[in-house]
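Biologist: Could you walk me through a few spots in this model?
Modeller: Gladly, here it is.
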Amino acid sequence: MPQLQQIDTFLSQVVWLVLAFVVLFVVLRTIALPKIQATLEARRDRIEGDLDRAQTLRREAEQVLAEYEAAMAEGRDRAQAVIRGAVEDGKAQAATAHEALAGRLADDIGRAEARIAAARDEAVANIRDVAVEVVQAAAQRLIGGRIARKSATDAVDAVSDG
Amino acid sequence: MAGEKHGPLDQFTIKPLVSIDIGGADLSFTNSSLAMLITVLSVSLFLVVGMSRGRLVPGRWQSMAELSYEFVAGLLKETVGNEGRRYFPWIFTLFMFILFGNLLGMIPSAFTFTSHIVVTFAMALVVFLFVTLLAVFKHGIRFFSFFVPPGAPKLMWPLLIPIEVISYLSRPVSLSVRLFANMLAGHTLLKVFAGFVVALGAAGVVPLLFIVALTGLEILIAFLQAYVFTILTCLYINDALHLH
């Protein structure tokens with residue numbers, strides 16, 4: 001086995017091992033490791049910064065949402081108030097319009113009734129005159145002579161019960 | 001590779017590429033040194049180029065680089081806790097070095113330097129010495145209470161303390177042999193079955209399929225052993241910091 005037979009190479013192997021190891025150590029210690037550490041740290045800082053910013057933005061967003069909801073609630077309340085006012089206005093207007101209409105209708109009815117009553121009175125009065133003339137005409141035919149308008153009127157009044 | 005007899009163990013032969021001799025000591029640049037150099041370059045490129053743009057939203061490459069960082073950081077945090085942070089650069093270098101050494105060794109005809117006991121033992125010994133010194137400096141004489149199992153009756157101490165000491169001293173051995181043996185066994189097995197493919201002719205499809213499956217398993221083991229070496233190092237550091 002060369003590992004145990006080539007004893008004369010042991011010194012060379014160990015010396016080169018130490019040399020190689022120390023060179024590698026120096027390279028890593030001075031160049032590679034600081035670079036890796038710096039990169040990892042920069043990344044960690046960046047991620048933490050991003051998380052912080054995300055947190056801040058989230059809080060801001062929550063605040064904005066709360067404000068929006070408050071504004072919405074206020075708007076809804078105002079809208080409701082406006083609707084309620086409009087409905088009451090409408091009802092009041094409808095009531096006054098209704099009253100005015102009812103008053104006008106009552107007037108019309110009253111006037112119409114008065115006209116009807118007048119017309120009936122007139123008609124009744126005309127019928128009396130006609131009846132008096134009929135009485136006079138009938139009396140002339142029956143007795144051959146005219147009777148006074150006054151007595152005819154009395155006769156008619158006597159038989160008609162007013 | 002270019003050996004005379006192509007045995008399954010020839011792949012582990014150390015071959016000098018550039019002969020270097022300093023004061024009589026043979027410090028030749030070998031195929032093992034080359035593999036280490038390529039590992040260092042690969043890890044550096046992987047991390048430095050991958051992170052060069054350092055984008056906030058990482059691409060695939062950058063994700064992998066960050067993933068390796070976070071994987072080791074998580075490992076250290078879980079086993080040692082926040083006190084372990086100061087050892088992170090060492091632990092990370094250790095993990096990446098072993099991981100890339102293992103993985104690059106999976107490239108056919110590449111050399112796997114973690115398959116040599118002297119390399120793994122050197123690493124394990126450094127870990128062991130570091131952890132022991134850390135414990136001694138942190139706890140002083142109280143460090144030796146580590147070898148007394150808590151709650152054990154005094155009568156058992158003569159038996160238990162030697163066991164604890166031996167198990168502590170065997171840490172570098174088990175740590176290094178685990179990595180070395182896994183790499184050695186996997187690569188040897190691949191080579192043995194590769195030999196069957198040629199020897200069996202048309203029927204060689206069967207060992208070929210086996211090699212495909214085994215290669216997948218070896219890649220898993222390459223990762224797993226780097227992970228095990230690292231997590232054990234972390235656990236030893238934890239022991240050193242907290243004793244028990």
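Biologist: Is B:Ser28 buried or exposed?
Modeller: B:Ser28 is buried, with a relative accessible area of 4%, where buried means under 20% relative accessible area, exposed over 50%, and partly exposed in between (1.4 Å probe, protein chains only). This is a predicted model, in which local features need pLDDT of at least 70 and side-chain atom pairs count only at pLDDT 80 or more, while totals for chains, interfaces and linings use all residues. Side-chain values use heavy atoms, leaving out hydrogens and water, and residues are numbered from 1 along each chain as its sequence is written.
Biologist: Where does B:Ser28 sit?
Modeller: B:Ser28 is placed in the loop of chain B between strand S3 (25–26) and strand S4 (29–30), strands being DSSP runs of E with at least two residues and helices runs of H or I with at least four, numbered from the N terminus.
Biologist: And what does the side chain of B:Ser28 reach?
Modeller: The side chain of B:Ser28 reaches the backbone nitrogen of B:Ile20, at 3.4 Å.
Biologist: Switching topic, which residues form the nonpolar patch on the surface?
Modeller: B:Leu17, B:Val18, B:Leu34, B:Leu37, B:Ile38 and B:Leu41 form that patch, with about 510 Å² of accessible area together. Such patches take residues with over 30% relative accessible area and no salt bridge, joining nonpolar side chains (Val, Leu, Ile, Met, Phe, Trp, Tyr) within 5 Å and like charges within 9 Å; a salt bridge is a side-chain nitrogen of Lys or Arg within 4 Å of a carboxyl oxygen of Asp or Glu.
Biologist: Which element gives the largest share?
Modeller: H1(B) does, with 4 residues; B:Leu37, found in helix H1 of chain B, is partly exposed at 42% relative accessibility.

Note on methods: Chains lettered and ligands numbered in written order. Polar contact = N/O pair within 3.5 Å; in protein donor to acceptor, adjacent residues only side chain to side chain. Areas by Shrake-Rupley, 256 points an atom, 1.4 Å probe, with all protein chains shown as cover.
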